[in-house]
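Work through the following exercises with the sequence and the model side by side, and try each task before reading its solution.

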Amino acid sequence: MASQLENQENQKPHAIFIPYPLQGHVIPSVHLATDLAARGFTVTFINTHAIHHQTCNAHTAAGDDLFSGVRKSGLDIRYRTVSDGLPVGFDRSLNHDQFMGSLLHEFSGHVEEEVAKIVKKAEGDGGARVSCLIADTFFVWPSKVAKKFDLLYVSFWTEPALVFTLYYHLNLLRKNRHFACQDIRQDVIDYIPGVPAINPQDTMSYLQETDTTSVCHQIIFAAFQDVRDADFVLCNTVQDLENDTISAIQAQTPFYAIGPIFPPGFTKSSVATSLWAESDCTHWLNSKPHGSVLYVSFGSYAHVTKTDLTEIARGLSLSGVHFIWVLRPDIVSSNETDPLPVGFRKEVGDRSMIVPWCHQNQVLAHPAIGGFLTHCGWNSILESIWCNVPLLCFPLLTDQFTNRKLVVEDWKFGINLRDGRQMITKEKVVENINRLMDGKSGSQYKAAVREVRKKLEDAVKPNGASDKAMNQFINDLKVAISTKFERVNTINNGF
């Protein structure tokens, strides 16, 4: 028994990795799993049946194993899928609350069953014994599943540290009547450790809602109770971008800023992650002047109202700029597949390219792109920074309002297109598009984004802050694994 434990201790870490089944979470999870495998981990990656099915439909060459390509390069990544509790063909976008309810109540049972199989197989075939569970922070069950199988729990947070910290301190927000009370305060919040004074309208949408009984609130409450039992928290951010916030949270929990998490080639990934077939925009972009094209996309999941979409379309038409618009078929509703105003496509003609989906990194990296009208998803923000693209900010829900605050007020490389949740007008859209895209007025935003990009670049260099944080996490994890093996060895030897 002692020699067996010693052999297991010397093996590389084996992590089971479970991303949240939304594209914005799956993308950084895939790239983190690949990076960990490149650093010597064995990784078993678990997607839901629905995410797997949609990805395979979008990429017919992907095959049944999304990681087969990286495994050919020598990385030890295994791939499994489980049910999220709903039929594969169920419209999760149209039935958001039912989908979230299934993740809250049903998903953990399927996960636990699959984890048991993986752990048993790893122990039985003499392979790398499973040592840790890496799971998205928004899950409500990881610490309990990890404890049941005697695994270390690594929580993966895919959003900024500021958003994590605000959720982490919900108790303070309640206590000070800034959340979940009848007489809710509207003055600035100035008591969260590591967070400069912040206006309530700059917090996440779920913190601004008066009804806190929704399924999403139940998930947030349970998830941020569960994460307090995590052994480690990994965050897709950069120390130098959020230094005070990160330092404060590190005083309370083992927190590692390891971002930005991109595929090795940035514009190319050996693992399919898109849930839709991607239109190739390169030829069209090649015909446009440097910095002349506005990229427009509202992400993979959030919905836009028909009224707002109409005003944005009219503003784009009046602006006269070249633009690429990613218009998901379900952007307003799954029941309305073409919500654009009548005649819009003809009006914008040759100066536009309207596609259902594209490879965002490739588009942002193209020299013709001069700005991005965005919902302010965190992946989109990091990718834009990397490509030196300033932003026109139109947040829709959840962390996007807080991300917008960081971009516009703290880092100053974006323009706010939306005050609160008020309706926008075509006049405001035109005004701000021209402000961003004009060579003179837009130069300040281009200069600001270049400064922020330098921080990202420095962080991921060898011995940069994020590289150091990743190495420190791996070292700390190995120490924790070793300690666990020593404890098991002691118990088995009767001490």
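**Exercise 1. Determine the strand order of the open sheet, and find which strands stand at its edges.**

Step 1. In this predicted model, 6 strands form an open sheet in the order E10-E9-E8-E11-E12-E13, and the pairing is parallel. Strands (E, at least two residues) and helices (H or I, at least four) are DSSP runs numbered from the N terminus, and two strands pair if DSSP finds at least two bridges between them.

Step 2. Strand E10 (352–355) and strand E13 (414–416) are at the edges with a single partner strand each, so one side of each has no neighbour in the sheet. From one strand to the next, the twist averages 15°.

Step 3. Strand E9 (residues 322–326) pairs with E10 in the parallel sense over 4 bridges, and Ser352 in E10 is the bridge partner of Phe323.

Residues are numbered from 1 along each chain as its sequence is written. In this predicted model local features need pLDDT of at least 70, side-chain atom pairs count only at pLDDT 80 or more, totals for chains, interfaces and linings use all residues, and side-chain values use heavy atoms, with hydrogens and water left out.

**Exercise 2. Describe how H14 is placed against the sheet and against H19.**

Step 1. H14 lies across strand E8 (293–297), E9 and strand E11 (369–374), and runs at about 155° to E9; angles run from 0 to 180 degrees between N-to-C directions, with axes fitted to C-alpha atoms, for helices over the stretch in contact.

Step 2. The axes of helix H14 (residues 306–319) and helix H19 (residues 426–437) come within 8 Å and cross at roughly 50°. The two helices are therefore oblique to each other, given that angles under 35 degrees count as roughly parallel, over 145 as roughly antiparallel, 65 to 115 as roughly perpendicular and the rest as oblique.

Step 3. Contact (heavy atoms within 4.5 Å) is made by Glu311, Ile312, Arg314, Gly315, Leu316, Leu318 and Ser319 of H14 with Lys426, Val429, Val430, Ile433 and Asn434 of H19.

**Exercise 3. Decide how H5 runs relative to H11.**

Step 1. The axes of helix H5 (residues 96–105) and helix H11 (residues 215–226) come within 9 Å and cross at roughly 30°, which makes H5 roughly parallel to H11.

Step 2. His96, Asp97, Met100, Gly101 and Leu104 in H5 meet Val215, Cys216, Gln218 and Ile219 in H11.
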